[in-house]
Amino acid sequence: MINSSDPGLLADAVNSLDDLFYVFTPGGEYVEWNARFTSVTGYDNNEIGDLNPADLVPEGERGDVRTAIKTITNDRTAVTLGTVLETKTGERLPYEFQWTPVEDEDESLKAIASIGRNITERNRQREIQESLADELAKRSVPIVEVWDGILLSTIIGKLDSAQAQDFTEKLLERISETEATVAIIDITGAEAVDTQTAQHLIDTIHAVKLMGGQTIITGLNPEISQTLVQLGIGFDVETQSSLQEGLKTALDIAGVSFD
């Protein structure tokens, strides 16, 4: 229950909200709405009286709205729905609606109260976070021990100088930790190999050799092979066309037999 000595104060507060606030009957007839509702939707007070909640979303979203209202009506539970608000001019805005049943003293449903919040900024922040997560995933080159003494690392995308240096350091650390004798570097998912990346691969191969290990490069496709030739870079290293062949070679080097 709201207690107020100033009846206009509540109306002023509701009209000052950045969110949409409105109330409609279980049949979908609008009965109350704040000033933000008219300014965002573009409909005037008379036009809103002829609409229902499903009219404010695109055709493809209306089924979800009707289902939500049906749930509130039948179960008397609050529902939150992320959807799209379509204004009078056809502009579409990402919105999240929270609908709550309003009951009489005899517990009959007399109305549904709703708050609609523009989630454009929330979506933008989520996209930024997802983009950062993807970027971090690309920057991270996983190095796993697939067999005793055999390490496998997979390069996806394109390594820049800092990433390549980080990869070299982590691979050497893993070789030291596991006492691995073979390191497989799979470049099947590499977008391209430029001079800088190729030089880092060569440096990594030499460093592994200095530690007493052997490197196998797998996934050398025709484009990357031609690029390396054009760059005048040759690999004094074991190469295999596929990761499967690379693993077989690594097991042979490690003396693993399945007989």
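Which residue's side chain meets that of Glu 121 in a salt bridge, and at what N to O distance? In this predicted model, the partner is Arg 124, at 2.9 Å. Glu 121 and Arg 124 both belong to helix α5 (residues 120-139), and because they are three residues apart there, about one helical turn separates them. Glu 121 is partly exposed at 42% relative accessibility, and Arg 124 is likewise partly exposed, with a value of 41%.

**Salt bridges**

The model contains 11 salt bridges.

| Glu 59 | Arg 62 | 2.8 Å |

Glu 177 is exposed at 56%, while Arg 174 is partly exposed at 24%.

**Aromatic pairs**

A pair of aromatic rings is described by the distance of the centres and the angle of the planes. The count of such pairs here is nine. In one of them, the ring centres of Tyr 22 and Phe 37 are 4.8 Å apart and the planes stand at 50 degrees, so this pair is classed as tilted. The two residues come from distant parts of the chain: Tyr 22 is in strand β1 (residues 20-24), Phe 37 is in helix α2 (residues 35-41), and 15 residues separate them. Tyr 22 is buried at 2% relative accessibility, and Phe 37 is buried at 1%.

Phe 24 and Tyr 30 form an edge-to-face pair, because their planes meet at 70 degrees, with the ring centres 6.2 Å apart. Phe 24 is buried, with a relative accessible area of 0%, and Tyr 30 is buried at 4%. These four residues belong to one aromatic cluster, which also includes Trp 33, Tyr 95, Phe 97 and Trp 99.

**Surroundings of Thr 249**

Thr 249 is located in helix α9 (residues 243-253). Its relative accessibility of 15% places Thr 249 among the buried residues. Leaving aside residues up to four places away in sequence, Thr 249 touches Ile 216, Glu 238 and Gln 240.

How values were computed:
Residues are numbered from 1 along each chain as its sequence is written. This is a predicted model: local features need pLDDT of at least 70, side-chain atom pairs count only at pLDDT 80 or more; totals for chains, interfaces and linings use all residues. Side-chain values use heavy atoms; hydrogens and water are left out. Rings of Phe, Tyr and Trp (its six-membered ring) pair if their centres lie within 6.5 Å; planes under 30 degrees apart count as stacked, over 60 as edge-to-face and the rest as tilted. Helices (H or I, at least four residues) and strands (E, at least two) are DSSP runs, numbered from the N terminus. Buried means under 20% relative accessible area, exposed over 50%, partly exposed in between (1.4 Å probe, protein chains only). Contact means heavy atoms within 4.5 Å. A salt bridge is a side-chain nitrogen of Lys or Arg within 4 Å of a carboxyl oxygen of Asp or Glu.
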